[in-house]
Amino acid sequence: MAPQIDEDTQAFIQATVQTLVERFPTSSPRPKVKEPDTFDGTKARYDAWKQELQLYVGSMDKDRAITTIVSFIRGDHIERWRRVFCKKHHLPGGKWTFESLDDFWTEVDKTYVDPNVVKTAQANLEQCLMGSRPAADFFQEFEELANLAGYSTADKHLIDLVERHSKPSIINTIYASGEEPTSYEDWKTRITNIDTFWRKGQIVRGHAPSLLAFPSSSRPAPSAPSPSMRNPAPVASTSTAPPIPTRRDGTGIVYGGHGQPMDLDRTCQKCGSKRSEAGSCRSPWHYPNRSPEQQRVRRAWEEPEAREELVESMRRWAAEDPEDFAAQGFELGSV
C-alpha cells in the first residue's frame, strides 16, 4: 500500500505545478497556412501577393515578419532593389529601421503600387457590365473595382452604376414591382434574388431531356400500334382547307403548314449532293461520311419531334430574354 501524502505536501505540489503552468504556458498549435508565392517585381501581382504575406506573418513580431517578407522577394528583376533595400534598412541582430510593420509596407508601396490604380479602376468600373453572367460574378468584379477606385457603398454614383450596368430586364422587373431600392445593398439583394430565381426557372423549364444528344441504342423502342390503329378508318372531312403553300430552295423543301414532315434529305451547299449520298466534299454532314461513333449519336435537330421542341425552346428564349439571346450571337427573328 502506497504511503499517504500529508496535506502540506499536497498543497506544495499543487502550488509548484501551478507556478510551472503560469511560467511556461502551453501554446496552441499554429494553424497551417499555405506558403505564399515569391514576388518578382511584377506590379500587377503586388496587391494579391501583399495580402498573402499579411496573412502569413500575422502572428509574428515586427522584425521577424519583415525578415520573412523580404525572403519571399526574389527574382532577376527585383534582386538589385532587394539588396539596396536591405542595405538601407536592415540592422545587425536581425533588426530593421522601421517602427512598425505598416511603416515597412508603406516604404515598399512607394515602389510597387501602381500610381494610376485609382484612375484605371474607375475606367474599368465604367465598362463593367453584367451581361448574361450570374449576378454573383458581376458583383464580385464590380465591388473589387469599386474598392480600388475609392468608392463606398454610400456613394450615389456607385448606385447609379449598378442600376445602369445590370441586366435591363432585371431593372425593369424591379421598377414594375413599385418598390424602388433605396441603398446599394438593397439593389444588390434585389438584383441577385431575381437573377437566381430566373436561372432556376430556366433550369426547370428549358432543359428538356429530349434536347440532348444521346446514343440511339438507349432510345426506347416505340410501342407497337394496336390493331385498330394500324388501318384507321377514313374520317370524312367537314370542311375543305385551302392548300398550304410550300417552296423549294437549295437546301430542300420548306413546308408552310404546322405538322408537315420536313424533307431532311436536303442538298449540300458545298458539293450539291443529297444528304443521303457521300458527296464530293466528304463532309460528315452527309450520313455515309459519318464515323460509327457519329452514327450512333442521334442529334436533336435531326429528330422531327425533338427538333420541334428545340425550336420552340429557342423561340421562348428569344421572347423572354431577348438581350441574353442576342448576347450569345443569335439574331432576333432567326427562329
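**Burial, charge pairs and cysteines in a predicted model**

Asp63 is buried, with a relative accessible area of 12%. The model is predicted.

Q: In which helix does Asp63 lie?
A: Asp63 is a buried residue, at 12% relative accessible area. Its place is within residues 62-71. That stretch is helix H3.

Q: Which backbone nitrogen lies 3.1 Å from a polar atom of the side chain of Asp63?
A: Leaving aside residues up to four places away in sequence, Asp63 touches Gly94, Lys95 and Trp96. One of these supplies the backbone nitrogen, 3.1 Å from a polar side-chain atom of Asp63. That residue is Trp96.

Q: How many residues apart are Lys188 and Glu143?
A: The side chains of Lys188 and Glu143 meet in a salt bridge, with N to O at 2.8 Å. The pair links distant parts of the chain: Lys188 is in helix H10 (residues 184-206) and Glu143 in helix H7 (residues 135-149). The separation is 45 residues.

Q: Is Asp195 buried or exposed?
A: Asp195 pairs with Arg199 in a salt bridge at 3.0 Å, N to O. Both lie in helix H10, four residues apart, about one turn of the helix. Arg199 is partly exposed, at 24%. Asp195 has 3% relative accessibility, and under 20% means buried, so Asp195 counts as buried.

Q: Which residues are joined with Asp63 into one network?
A: Beyond the Arg199 and Asp195 pair, both in helix H10, there are salt bridges that share partners. These join Asp63 into one network with Lys62 and Lys95.

Q: What is the distance between the closest N and O atoms of Glu141 and Arg133?
A: Glu141 is partly exposed, at 35%. Arg133 is partly exposed too, at 24%. The two form a salt bridge, and its closest N and O atoms are 2.7 Å apart.

Q: How many disulfides does the count come to?
A: A disulfide needs two cysteine sulfur atoms within 2.5 Å. The count comes to zero disulfides. Cys268 is in none: the nearest cysteine sulfur, that of Cys271, is 3.9 Å away. Cys268 is buried at 9%, yet the disulfide count is zero.

Q: What is the area of the nonpolar surface patch that includes Val21?
A: Val21 lies in helix H1, residues 7-23. Val21 is partly exposed, with 47% relative accessible area. Ile5, Phe12, Ile13 and Val17 make the patch along with Val21. Its area is about 470 Å².

Q: What share of the 335 residues is buried?
A: The protein has 14 helices and six strands. Buried residues make up 23%.

Conventions. Residues are numbered from 1 along each chain as its sequence is written. This is a predicted model: local features need pLDDT of at least 70, side-chain atom pairs count only at pLDDT 80 or more; totals for chains, interfaces and linings use all residues. Side-chain values use heavy atoms; hydrogens and water are left out. Patches are made of residues with over 30% relative accessible area and no salt bridge: like charges are joined within 9 Å, nonpolar side chains (Val, Leu, Ile, Met, Phe, Trp, Tyr) within 5 Å. Accessible areas come from the Shrake-Rupley method with a 1.4 Å probe; for residues, only the protein chains shown count as cover. A salt bridge is a side-chain nitrogen of Lys or Arg within 4 Å of a carboxyl oxygen of Asp or Glu. Helices (H or I, at least four residues) and strands (E, at least two) are DSSP runs, numbered from the N terminus. Buried means under 20% relative accessible area, exposed over 50%, partly exposed in between (1.4 Å probe, protein chains only). A polar contact is a pair of N or O atoms within 3.5 Å; within protein, one must be able to donate a hydrogen and the other to accept it, and residues adjacent in sequence count only if both atoms are side-chain atoms. Contact means heavy atoms within 4.5 Å.
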